[in-house]
Amino acid sequence: MFAGETEFVKGVVAMDGLPDPDRPEVCFAGRSNVGKSSLINALTGRKGLARASNTPGRTQEINYFTVGESHYLVDLPGYGYANAPLAVVEKWQRLLKNYLRGRVTLRRAFVLVDARHGIKPVDEEIMSLLASAAVTFQCVMTKTDKLKKGELDKVLEQVRGKLQQFPSAYPELVLTSSEKGDGIETLRAIIAGID
Ligand code: GDP
């Protein structure tokens, strides 16, 4: 699938703006600064693609990308905007819930977790939301290059422990470093295998 041209399709602010559900899609969720834009750029091989859609004002949008014709990659805005006005947060949360519950072609969510920090309460919140929307999810550890192996193993143990409360979570973690390219092929293969 990743041989094709990568394109930014659109930023969606309401359910009626979603593209036709004509192909399987996967979404990416994670706290601000977790490395989501970097990961999407590494996956698609297009520098600046996700960042371009990450400019202020677009942060509350669901951003759609195509890679070839086979799948949509969906970039959900980073959560944990402490400073956003409540009305904005509530509107966004409503859209997110409706998207997760109502998108028939959504096959899997990848929840990005910073390898240095492990699963934080705000990550557990999104996981609970995914679980209640019956969306299966898989954790992708980001920035693994920042840790020594022993340190990483400790965090992975924490993550595996936390995931046990979520029966709909895939037990296999994907370890990535957008900086070094580690895990990117693995993640591409996982996505390509989803239909
Ligand atoms: P986003 O807010 O989740 O989209 O995060 P970004 O992709 O913008 O990344 C946040 C910061 O982490 C930036 O300074 C990136 O350069 C850095 N970063 C992202 N991925 C990696 C990685 O794999 N390794 C390292 N060392 N830094 C990373």
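The following exercises, with worked solutions, concern a predicted model of a protein.

**Exercise 1.** State how many helices and strands the protein has, and give the order of its elements.

*Solution.* The secondary structure consists of six helices and seven strands. Read from the N terminus, the order is β-β-α-α-β-β-α-β-α-β-α-β-α.

**Exercise 2.** Determine how the strands are arranged in the sheet, and which of them stand at the edges.

*Solution.* Begin with the order: the seven strands make up an open sheet, E1-E3-E4-E2-E5-E6-E7, with mixed pairing. Next, consider the two ends. Strand E1 (6-12) and strand E7 (174-175) each have a single partner strand, so one side of each has no neighbour in the sheet. Finally, examine the pairing of E7: this strand runs parallel to strand E6 (residues 137-142), and two bridges join them. Within this pair, Val140 has Val174 of E7 as its bridge partner.

**Exercise 3.** Find what share of the residues is buried, and what share of the contacts with a separation of 6 or more joins residues 24 or more positions apart.

*Solution.* Of the protein's 195 residues, 34% are buried. Among contacts with a separation of 6 or more, 77% are between residues 24 or more positions apart.

Terms used:
Residues are numbered from 1 along each chain as its sequence is written. This is a predicted model: local features need pLDDT of at least 70, side-chain atom pairs count only at pLDDT 80 or more; totals for chains, interfaces and linings use all residues. Helices (H or I, at least four residues) and strands (E, at least two) are DSSP runs, numbered from the N terminus. A residue is buried if 20 or more other C-beta atoms lie within 10 Å of its own, exposed if 12 or fewer, and partly exposed in between; C-beta atoms are placed from the backbone. Two residues are in contact if their C-beta atoms, placed from the backbone, lie within 7 Å. Two strands pair if DSSP finds at least two bridges between them.
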